[in-house]
Amino acid sequence: MEIFKQHLDKFIDIDDEEFASVISFFQVLEVKKKQDLMSDGEICRTMFFVVKGCLRKFFINEKGIEQTTEFAIENWFITDTFAYERQMKSGFCIQAVEKSVLLKIDFHSQEALLKKHPVMERYFRMVYQRAYAAAERRIRYLYEFSREELYVHFSTQYPWFIQRIPQYLIASFLGFTPEYLSEIRAKLRS
């Protein structure tokens with residue numbers, strides 16, 4: 001789990017002995033492409049850290065269409081934060097976009113981790129601050145940018161997503177139909 005150790009080192013000072021204790025609160029999980037990790041209506045008990053691969057969070061709208069709200073790639077956490085913090089039913093699903101290796105932690109294990117290793121409070125605060133800032137920017141972009149500008153911004157800021165994630169999922173994340181995204185891409189190529 002050297003990848004997780006390197007990730008933690010970007011935020012906090014943690015020696016090998018303390019890291020060995022920290023990692024013991026997590027479980028390693030290997031999942032297949034399109035494997036469901038959480039379903040709508042299920043109590044959100046788990047947070048996932050992506051060691052390798054890609055996950056997505058989505059809900060099914062009133063028309064029965066999947067609406068992707070978040071992706072998580074290497075070194076990112078994903079959960080339904082609202083439901084996780086309250087240990088309640090989620091209105092979201094979490095699914096593997098690629099074959100993935102994850103670290104998972106449940107709410108009670110995380111609470112025990114934070115009690116035993118207060119430095120992890122700082123780590124999670126910093127991770128949540130960054131995630132919140134990213135969500136704020138995304139909301140602004142949704143209001144401010146035209147659909148074409150939104151795609152151009154996304155593809156220039158996150159080119160690795162364009163290469164890794166199927167077009168229909170990118171369209172879902174940006175609030176487009178796959179056909180509309182194809183039109184934008186064709187227009188930009190010409």
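View 1. Phe173 is buried, at a relative accessible area of 10%. Buried means under 20% relative accessible area, with exposed over 50% and partly exposed in between (1.4 Å probe, protein chains only). The model is a predicted one: local features need pLDDT of at least 70, side-chain atom pairs count only at pLDDT 80 or more, and totals for chains, interfaces and linings use all residues. Residues are numbered from 1 along each chain as its sequence is written, and side-chain values use heavy atoms, with hydrogens and water left out. Phe154 is also buried, at 5% relative accessibility. Phe154 and Phe173 form a tilted aromatic pair, 5.4 Å centre to centre with 45° between the planes. Rings of Phe, Tyr and Trp (its six-membered ring) pair if their centres lie within 6.5 Å; planes under 30 degrees apart count as stacked, over 60 as edge-to-face and the rest as tilted. Phe154 lies in helix H6 (residues 147-157) and Phe173 in helix H8 (residues 167-174), so the pair ties together parts 19 residues apart in sequence. Helices (H or I, at least four residues) and strands (E, at least two) are DSSP runs, numbered from the N terminus.

**View 2. Phe11 meets Tyr123 edge-to-face.** The aromatic pairs number 21. In one of them, the ring centres of Phe11 and Tyr123 are 5.5 Å apart and the planes stand at 80°, so the pair is edge-to-face. Phe11 sits in the loop between helix H1 (2-9) and helix H2 (16-23), and Tyr123 in helix H5 (residues 119-144), so parts 112 residues apart in sequence are tied together. Tyr123 is buried, with a relative accessible area of 0%. Phe11 is buried too, at 10%. Both belong to one aromatic cluster, whose members include Phe4, Phe19 and Phe124.

**View 3. Two arginines sit over phenylalanine rings.** The charged end of Arg56 is 3.8 Å from the ring centre of Phe58. Arg86 lies over the face of Phe82, 3.7 Å from the ring centre. A charge sits over a ring if NZ of Lys or CZ of Arg is within 6 Å of the ring centre and within 35 degrees of the ring normal.

**View 4. Four strands form an open sheet.** The order is S2-S7-S4-S5, and the pairing is antiparallel. Two strands pair if DSSP finds at least two bridges between them. Strand S2 (36-38) and strand S5 (66-72) are the edges, each pairing on one side only. Six bridges join strand S4 (residues 55-60) to S5. Ile60 has Glu66 in S5 as its bridge partner.
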